[in-house]
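Welcome to a short tour of one protein chain. Have the coordinates open as you read, and follow along residue by residue.

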Amino acid sequence: MKLSQFKFKLPDNLIAQYPSENRDECRLMVLDSKTGEITHRVFKDIIDYFEAGDVMIFNDTKVFPARLYGNKEKTGARIEVFLLRELNIENKFWDVLVEPARKIRIGNKLYFGDDDSMVAEVIDNTTARGRTLRFLYDGPHDEFKDTLYALGETPLPEYITRPVEEWDAERYQSIFAKNEGAVMAPAAALHFSRELMKRLEIKGIERGFLTLHSGQGNFKDIDVEDLTKHRMDSEEMIVDEELVDMVNEAKDNDHNVCAVGTSVLRAVATAVCMNGHLMTYEGWTNKFIFPPYDFTVCNSMVSNFHLPLSTMLMMVAAFGGYDNVMNAYEVAVKEKYQFGAYGDAMLILR
């Protein structure tokens with residue numbers, strides 16, 4: 001398929017700047033991919049579409065405060081540093097993005113905090129904006145991480161144009177976030193409140209967890225028209241035996257398996273066997289999913305409404321069918337659904 005096939009007109013006022021007041025009370029569009037039929041509900045009604053024995057798979061990654069602002073030595077120029085991942089614990093090496101990148105060269109020092117108490121040195125250029133930093137901190141690793149994170153803020157996507165607020169640290173995080181490593185929240189999971197999770201449990205709907213640390217690559221512009229030539233950044237993921245047993249038993253007993261979010265869908269597609277069952281997996285994935293694609297594990301998925309030309313939109317279109325999904329997005333714009341990480345949600349049934 002071509003990149004241009006995923007372009008659509010999205011008014012700025014439909015990109016959510018704030019989440020719904022209550023997690024489970026955003027709008028929910030339900031798309032039946034067999035018929036193309038669309039139903040409009042409230043998110044907490046999602047329970048009506050699942051029965052005892054069905055499985056919902058969640059991503060339990062935890063977002064860390066990845067965006068910092070520092071000053072360059074001598075000039076005092078303000079520099080944004082976006083932490084991607086820690087490369088070496090002992091030497092405190094971090095893979096980061098910097099902005100403006102043209103000002104930051106190997107050997108430069110950056111100072112963070114009101115008293116400039118945190119210092120980092122640029123030791124390598126990795127990409128146009130990418131750098132490797134060595135933080136010059138004398139103290140235990142846990143203390144270093146706590147100090148570093150205290151200087152950071154919640155890494156809201158750039159399409160959320162307002163300043164970060166204190167409560168974003170809670171709302172840009174799922175209630176079951178556990179394994180730290182993401183700089184992008186699994187947005188579909190943000191709609192699940194404690195009350196909804198309890199109702200699902202009472203109904204007998206199983207919940208399983210995997211971990212995929214979503215990175216900035218999800219927001220990277222695709223610069224090729226032919227999608228077969230696009231390469232995704234690699235993301236770390238774990239699918240353990242407990243989830244594998246739960247999902248495979250559900251499949252063998254003809255129960256539904258639902259992927260909550262595109263990160264879950266990507267992880268499951270990475271860890272699928274030739275026979276359509278799930279297998280354990282620990283490592284990295286750079287799987288790029290776009291139509292057509294044969295999904296063999298999950299027969300439903302939850303996803304937010306994604307921005308034009310995004311890899312997440314392409315994955316949703318692969319799952320629900322290109323024509324179905326693009327038509328649903330047209331309806332969503334017309335009905336003024338909210339898009340993005342803090343926006344409304346879609347349930348796709350197959």
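## Salt bridges, surface and backbone

Aspartate 45 is partly exposed, since its relative accessible area is 22%. The model you are looking at is a predicted one. The partner of aspartate 45 in a salt bridge is arginine 41, with 3.3 Å between the closest N and O atoms. Arginine 41 is partly exposed as well, at a relative accessible area of 26%.

How many salt bridges does a search of the whole structure find? The search finds 13.

| Pair | N to O distance |
|---|---|
| Arginine 41 and aspartate 45 | 3.3 Å |
| Arginine 67 and glutamate 80 | 3.2 Å |
| Glutamate 99 and arginine 129 | 3.0 Å |

Let us take the second pair. The side chains of arginine 67 and glutamate 80 meet in a salt bridge. This pair links distant parts of the chain, with arginine 67 in strand S5 and glutamate 80 in strand S6, 13 residues apart. Is arginine 67 buried or exposed? Arginine 67 is buried, because its relative accessible area is 8% and the cut-off for buried is under 20%. Glutamate 80 also counts as buried, at 18% relative accessibility.

Glutamate 99 lies in strand S7, while arginine 129 sits in the loop between strand S9 (118-125) and strand S10 (130-135), so the pair ties together parts that are 30 residues apart in sequence. Glutamate 99 is partly exposed with a relative accessible area of 37%, and arginine 129 counts as partly exposed at 30% relative accessibility.

Glutamate 99 also leads us to the backbone. Most peptide bonds are trans, and most residues other than glycine have a negative phi. The peptide bond from glutamate 99 to proline 100, however, is cis, with omega near 0 degrees. Proline 100 is placed in the loop between strand S7 (93-99) and strand S8 (109-112). Another cis peptide bond joins proline 291 and proline 292, with omega about -10 degrees; proline 292 lies in the loop between strand S15 (281-285) and strand S16 (300-304).

Lysine 74 has a positive phi near 70 degrees and belongs to the loop between strand S5 (67-72) and strand S6 (78-88). Lysine 92 has a positive phi of about 55 degrees and is found in the loop between S6 and S7. Lysine 74 is exposed, with a relative accessible area of 83%, whereas lysine 92 counts as buried at 9% relative accessibility.

On the surface, a patch of negative charge gathers Glu206, Asp240, Glu241, Glu242, Asp245, Glu249, Asp252 and Asp254. Which helix gives the largest share of the negative patch? Helix H4 (residues 241-252) does, with five residues. Glutamate 249 lies in this helix and counts as exposed at 53% relative accessibility. Helix H5 (residues 262-270) is mostly covered, with nine of its nine residues buried.

Finally, the overall picture. The protein chain has seven helices and 17 strands. Its radius of gyration is 21 Å, close to the 20 Å that the globule rule gives for 350 residues, so the chain is as compact as a globular protein of that length. Buried residues make up 52% of the 350 residues.

Technical notes. Residues are numbered from 1 along each chain as its sequence is written. This is a predicted model: local features need pLDDT of at least 70, side-chain atom pairs count only at pLDDT 80 or more; totals for chains, interfaces and linings use all residues. Side-chain values use heavy atoms; hydrogens and water are left out. Patches are made of residues with over 30% relative accessible area and no salt bridge: like charges are joined within 9 Å, nonpolar side chains (Val, Leu, Ile, Met, Phe, Trp, Tyr) within 5 Å. Accessible areas come from the Shrake-Rupley method with a 1.4 Å probe; for residues, only the protein chains shown count as cover. A salt bridge is a side-chain nitrogen of Lys or Arg within 4 Å of a carboxyl oxygen of Asp or Glu. Lys and Arg count as positive and Asp and Glu as negative; His and the chain ends are not counted. The place of a charge is taken as NZ of Lys, CZ of Arg, CG of Asp or CD of Glu. Helices (H or I, at least four residues) and strands (E, at least two) are DSSP runs, numbered from the N terminus. Buried means under 20% relative accessible area, exposed over 50%, partly exposed in between (1.4 Å probe, protein chains only). The radius of gyration is taken over C-alpha atoms; the globule rule is 2.2 Å times the number of residues to the power 0.38.
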